Amino acid sequence: MGEVVLYSSVSVDGFIADENDQPGPLFDWLTSGDVPLDESGALKVSQASYDHTRPYWDQIGVTIAGRHVFDLTDGWDGKPPSGIDHVVVVTHRPKPEGWDPEAPFHFVDGVKAAVAKAQELAGDRIVEVAAGDVGGQVLAAGLVDEVRMDVVPVVFGSGKRYFGSVHAQHLLEDPDVVIQGHRVLHLRYRVRR
């Protein structure tokens, strides 16, 4: 089975969005370089960020996100982001009315069911879990193998926390990857078991 990775861009003070769900400058690093990150040409990063991010993106088979993120993005119009094969949506509500049954989105109730479904779909590829409330729940359930952060030099002061509402302590190993990009610091931590 592929590893489960909790991931997002994050402010220095630990937020993935402001109080109004706006990411502000958190994704500016994705357009501040001169190396195309994908085929669209819209995303251009520094060479260091490309060398770190592109291989990771190529390994992702499934992303797990909460219903709130799904709703904010309008379900990515039924097409998983960044070339990912499937999205597993954690929700207690049914799929949206009129949702295309052929779209590679899977709606499940609970994080354990989400990880099980995502690992089934991903095979040996990475299962990426979007940071925030759902990501914090997956971490609290002991199902995360690695935490990845793209730390952006901005302080939000308040907003949506990277680990959601996790209140318990979780130990991580020392970072095994620390890469300086342009307007971003890429960090990777193994979760201590």
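**Notes on the core and the salt bridges**

1. The unreviewed UniProt entry annotates residues 111-170 as "domain: Bacterial bifunctional deaminase-reductase C-terminal"; positions follow the numbering used here, feature names are shortened, and such annotations may be inferred rather than shown by experiment. Bear in mind that this is a predicted model, where local features need pLDDT of at least 70 and side-chain atom pairs count only at pLDDT 80 or more. Residues are numbered from 1 along each chain, and side-chain values use heavy atoms.

2. The largest nonpolar core has 28 residues, and I64, V138, V144, V147 and Y162 touch the most other members. (A core is a set of buried Ala, Val, Leu, Ile, Met, Phe, Trp, Tyr and Cys residues joined through side-chain atoms within 4.5 Å; buried means under 20% relative accessible area, exposed over 50%, partly exposed in between, with a 1.4 Å probe and protein chains only.) Helix α3 gives the most, with 5 residues; helices here are DSSP runs of H or I, at least four residues, and strands are runs of E, at least two.

3. Now the charged pairs: there are 13 salt bridges, each a side-chain nitrogen of Lys or Arg within 4 Å of a carboxyl oxygen of Asp or Glu. D145 pairs with R193 at 2.7 Å. D145 sits in the loop between α4 and β9 and R193 in the segment after β12, so the pair ties together parts 48 residues apart in sequence. R193 counts as exposed, at 63% relative accessibility.

4. E146 bridges to R148 at 2.7 Å and to R188 at 3.7 Å. E146 is buried at 5%, and R148 is buried at 7%. Shared partners join E3, E146, R148, D176, R188 and R190 into one network.
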